[in-house]
Amino acid sequence: MIIPVSISIVMALPEGGVEKKYWRKPLDFHKHKVPIGKVIIIAERCKACNYCIEFCPKDILVESEERNKKGYKVPMVVEGKEKECIVCRHCEDICPEFGIYIEEIEEEIEEEEEDDET
Amino acid sequence: MSELDSVFDAHPVDAHLRADMLPHIWCPGCGIGIVLKAYIKALDKAEIPLEKRIMVSGIGCSGRACIYLNQDCYHSTHGRPIPFATGLKLANPDLNVSVISGDGDLFAIGGNHFIHAARRNMDLNVICINNFNYGMTGGQSGPTTPVDSKTITTPYGNIERPFNLPHLASSSGATYVARWTTLDVRRLRDSMAEALKKKGFTFIEVISPCPTGYGRPNRRGEPIDEMKQYQEIWDLREDNWIIQEGADPREADIRLNESIVVGVFADTDRPTFTDLYSQLDPVRKKKLKEIVREDERRVRE
């Protein structure tokens, strides 16, 4: 006999209070947290091909008005979306200029580990 | 990630690059940088030590790759990266030799070397960056230019049939054949790591945008538009299954403004040239010994 598990649970996230709907709550839900990344752009190397802006799944990058030494408009993170990077590193992989990379913010991970122990 | 990475605070790949040479000379939106980064990450993923990494490049835009890479590299003459790599492999079979070059270098002037290295099954990893034209010399038509597309030497449209590179490689005898676009960065990296670990002649074709040489006469717009074209193909994939595992390479022709078949085309095993060569030696020694014995008998008689 297969007993149907509870369907569609509305979850309230502690941070920001954004509600997300899940069809089924995963059993190891408490163990996982979406990592938060910091976008670092090496402005001197950028040639404004805009691949990172176009292919970011969270759309957190835009073209800025600031120009680098060679006159290219360097991308920047949208104000207010600094903590929305989910460390998929697609921008890092797709940048042909070796000009953008992501650093995972470590404080969040430590908190996560503490949660796991308890 | 290797040990060198912790020394630098800059880009995670900088340890494998001559970072003081950057920014590089390639045009905005060129795909060679993406392929080079995927190659570096694939080397790390395949866990190949720094002493065993060797990269050979030919002439053309992609030939600059060996200048930016901080490891053992050879910048060979036009069309001859595969003979150079063959020599390296035969002199020291422990090395992991890979060739990164363009379509004009590997298939126009170096076409003969390519098919014969594949036939012999030399243990090389060949990565071809296909941008459909000769980019460095100003955008002339080459052996991979699709029919009806315009270049500066074919202003009324190309009438020559282009090479179907996966079919050429697999029918010549390559053991691993794949094709990706520069948008499939992760699949490209994983495929490269697989090819680096594999014994035998492996071939990966990477479709790359060339906004200056090929994009301009064909009105492809900004480099981002060309990448979006790949993305449209990408979006269609789930319905049309254009990613095909073990697809028939004969049907992988590239036509102008049509979807490109990507995926792994061939994955087989065959004894490599170096394996067969090492097996030769004991036979030769036996024959030599027999000849010496016969000579000794004659002397006694």
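Predicted model: local features only at pLDDT ≥ 70, side-chain atom pairs only at ≥ 80, totals over all residues.
The crossing in which helix 1 of chain B passes helix 7 of chain B is right-handed.

On the side of helix 1 of chain B, the residues that meet helix 7 of chain B are Ile34(B), Val35(B), Ala38(B), Tyr39(B), Lys41(B), Ala42(B), Leu43(B) and Lys45(B), and their counterparts in helix 7 of chain B are Val185(B), Leu188(B), Arg189(B), Asp190(B), Met192(B), Ala193(B) and Leu196(B). By class, the residues of this contact divide into 11 nonpolar, no polar and four charged.

Elsewhere in the chain, Ser149(B) sits in the loop between strand 6 (140–141) and helix 6 (165–172) of chain B. Ser149(B) has 0% relative accessibility and so counts as buried, the cut-off being under 20%. Apart from neighbours within four places in sequence, Ser149(B) is in contact with Thr154(B), Gly157(B), Asn158(B), Tyr214(B), Asn218(B) and Leu256(B). Between Ser149(B) and Ile159(B), 10 residues apart in sequence, the C-alpha to C-alpha separation is 8.6 Å.

As for confidence, the mean pLDDT of chain B is 85, with 91% of its residues reaching 70 or more. Over residues 1–8 of chain B, however, pLDDT stays under 50, and for this stretch the model has nine contacts beyond four places in sequence.

Note on methods
Residues numbered from 1 in each chain as written. Chains lettered and ligands numbered in written order. Heavy atoms only, no water. pLDDT = per-residue confidence, 0-100. Contact = heavy atoms within 4.5 Å. Left-handed = near helix turned anticlockwise from the far one by under 90°. Helix = DSSP H or I, 4+ residues; strand = E, 2+ residues; numbered from the N terminus. Nonpolar A, V, L, I, M, F, W, Y, C, P; charged D, E, K, R; others polar. Buried < 20%, exposed > 50% of the residue type's maximum accessible area, 1.4 Å probe, protein only.
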